[in-house]
Amino acid sequence: MSKVDTRSDRALRTSSRPIVGNRVLLTLLIIALASVAFLPFATLSPNRLVSGQAVMLWQACRPWQWIALAALGALLLVSAAGRPLAARPACRVALLTSLPLIALLLISLGDYAHRALSDASPAARVSQSASFWVLLFVGALVAVDALQRLRLGLVPRLGFALVAVVLVAVCLASDLLSGLSIMREFANQRANFLDQLVRHLVLVAGALIPALLVGLPLGLLARRREAWRSGLFSVLNVFQTLPSIAVFGLLIAPLAALARAVPWLAELGIGGIGLAPAIIALVIYSLLPIVRNTYAGLAGVPAGTLEAARGMGMTPTQILWRVEVPLALPVILSGLRIVTVQAIGLAVVAALIGAGGFGAFIFQGLGQYAIDLVLLGAIPTIVMAVIADFILQILVSLSRPAGTR
Amino acid sequence: MNAPVASSHRASRLTQVRARASGNLVLGGLIIVLVALTLGMGALEPLFHALFPELRNPLYARDSFLNLMLAHIGLVLVSSLISVTIGIAAGLFVTRPVGREFEPMVSSLAAIGQTFPPAAVLAIAVPLAGFGFAPTIIALSLYGLLPVIQNTIAGLGTVPQTTLEAARGNGMSRTQILMRVELPLAMRVIIAGIRVSVIINIGTATIGSTVGAKSLGTPLIAGLVGNNLAYVIQGALLVGLLAIVTDLLFERLERRYSFGG
């Protein structure tokens, strides 16, 4: 966009609306169109390890799917334009278009997989490809952009997210996508998948609970004894800097030695590899954000408020629980949010020392050059991280005192 | 930094200088250890023999540690240069009048993107670009982009409106304001973003060896797979030291850009 355009935009705004009302949406549409034109939508391969032939969107779709996709694209184009719709109705149209768009993509892909595989060898595989991901991404971003512009409250946003999750869940649970290579990988690993999901959650919970039990008092200590703060923070900061795999690796030898020296520890399952070193490393990583945010939250309580509490005759314990903790809670929960997302990600790497979790699929897939197995580990991890982030974000905004949300 | 110091503050100033001197000593020592270990890990062979008597080859010898270190630094340097260039450019674009409309979208992309685990991003980059150096660079630069964008936007946002008005009142052009006022004032926050990005990349480059990119993770992963703890320790020590030294260097750089203490 040249400078001349924006200037004329400004001039037009007083009299009539500009030609392009939403440049973000227009950019997204251009990206989507380019991906349809130049990138494959799916790949068809003779078996799970060989890379296959590219299938473009127009080759994969039935005519009605094509027409529907084009119609949804046209609707989005209209809502990107400044006329005839005003800004808010245009955003509502875009928001309502995004979900059918995502559904239609899933339907087209799943339908193509079933058709392509019906007259192919049993080993043949259909996988989603670059253009599918770009279109899915664009669909999600259209919704994000519309939600941002509409400035909806927490409840409608939550409702929209819920509808989107239900939609995708229905597509996954039904027979629709069962032809896809990644879903067949899932079907082969179904029991194992649940095990690894539980393992992953155990790793994350096993890291968060001890980190909270140790980190919250440490944060309070840092607030009460300012002299200890810089020393404590720099020690924790060093750990935060170390690459996770290095920490996992360095813990193996001491823990193995410990397990040899103290047999009852070994009986508890503590050893050089497996859950124990993974959880210890994750706890170490989780400490800094919790301690730092607890400290920052407590330090952010205004001195005047504390004085008022003392003036009312509250005891130090009462001040802590009834004044300081409630006021510091949003910052503390933001720390928990950082730590949860971080632990979900680091638990992936823990698979390298035999702790299991979704990382097991990723590294097994990388070893076998089986991309769909990699995705079977990577996608659920990302979804888990995004969901955890979303839930904790809501908790953070709920913990803010009423009127400041 | 150059702010006048009141005499009552001289004592705290002195402890600050003393802390900085001991900080320099620590940094210098760590750099010496890092270089010495990279070049002379072989000298520690008897130690590893003594620690792990059951291992026949307790010293990683498939590649020199210098090569691995340089490959690791190369991976991080190339990807960080890409992230910093694109990240600052994108941050500048969305804070100018031309691109302001894109700011909420870019900010939330940077925020959502950072919830993606780096290891998962690395694993997903593989089918896109094939195994080896290229997918690792793509994944590292993509991931490293996010903190740089976020901090560029945040840093430029901290520049007070009155300062900008004063600059305009002095008759400075838009480019002059950007180069002489906004960027210098935002530089500390931008560098903090680059620091986060580089430190994450040092860690993720270590895992890059699972997708075929040579790095200090190569002996580490080889040791984990082949049950050779000595390899694991050698790789982990070097990569850990590299991360700490880099972090301390960035801390120093950040301090240089903090104005008025």
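Are Tyr60(B) and Tyr231(B) buried or exposed? Select both and look: Tyr60(B) is buried, and so is Tyr231(B). Keep in mind throughout that this is a predicted model.

**Stop 1: the aromatic pairs of chain B**

Stay on Tyr60(B). At 6% relative accessibility, Tyr60(B) falls under the 20% limit and therefore counts as buried. Now colour by secondary structure. Tyr60(B) sits in the loop between α2 (45–51) and α3 (65–95) of chain B, while Tyr231(B) belongs to helix α10 of chain B, so the pair ties together parts 171 residues apart in sequence.

Over all chains, the count of aromatic pairs comes to 9. In one of them, the ring centres of Tyr60(B) and Phe65(B) are 6.2 Å apart and the planes meet at 55°, so this pair is tilted.

**Stop 2: an aromatic cluster in chain A**

Select Phe186(A), Phe193(A), Phe358(A) and Phe361(A). These four residues form one aromatic cluster.

**Stop 3: the interface of chains A and B**

Show both chains. In contact here are 44 residues of chain A and 38 residues of chain B. The buried area between chain A and chain B is about 3,500 Å², and carbon and sulfur atoms give 82% of that area.

Pick out Arg23(A) and Glu101(B). They form a salt bridge, with the closest N and O atoms 3.1 Å apart. Between chain A and chain B the count is 2 salt bridges. Polar contacts across this interface come to 5 residue pairs, both residues at pLDDT 80 or more.

Which helix gives the largest share of the side of chain A that touches chain B? Select α17(A): it supplies 9 residues. Other helices of chain A also supply at least two residues each, among them α2 (23–38), α11 (244–261) and α15 (316–350). By type, this side of chain A divides into 30 nonpolar, 9 polar and 5 charged residues.

**Stop 4: two positive phi angles**

Go to Arg151(A), in the loop between α6 (130–150) and α7 (154–173) of chain A. Its phi is positive, about 50°, although Arg151(A) is not a glycine. Arg151(A) counts as exposed, at 73% relative accessibility.

Finish at Asn227(B), in the loop between α9 (217–226) and α10 (229–256) of chain B. Here too a residue other than glycine has a positive phi, near 60°. Asn227(B) is exposed, with a relative accessible area of 65%.

Methods
Residues are numbered from 1 along each chain as its sequence is written. Chains are lettered from A and ligands numbered from 1 in the order in which they are written. This is a predicted model: local features need pLDDT of at least 70, side-chain atom pairs count only at pLDDT 80 or more; totals for chains, interfaces and linings use all residues. Side-chain values use heavy atoms; hydrogens and water are left out. Helices (H or I, at least four residues) and strands (E, at least two) are DSSP runs, numbered from the N terminus. Buried means under 20% relative accessible area, exposed over 50%, partly exposed in between (1.4 Å probe, protein chains only). Rings of Phe, Tyr and Trp (its six-membered ring) pair if their centres lie within 6.5 Å; planes under 30 degrees apart count as stacked, over 60 as edge-to-face and the rest as tilted. Contact means heavy atoms within 4.5 Å. Buried area is the accessible area (1.4 Å probe) that two parts lose on being put together, summed over both. A salt bridge is a side-chain nitrogen of Lys or Arg within 4 Å of a carboxyl oxygen of Asp or Glu. A polar contact is a pair of N or O atoms within 3.5 Å; within protein, one must be able to donate a hydrogen and the other to accept it, and residues adjacent in sequence count only if both atoms are side-chain atoms. Ala, Val, Leu, Ile, Met, Phe, Trp, Tyr, Cys and Pro count as nonpolar, Asp, Glu, Lys and Arg as charged, and the others, Gly among them, as polar.
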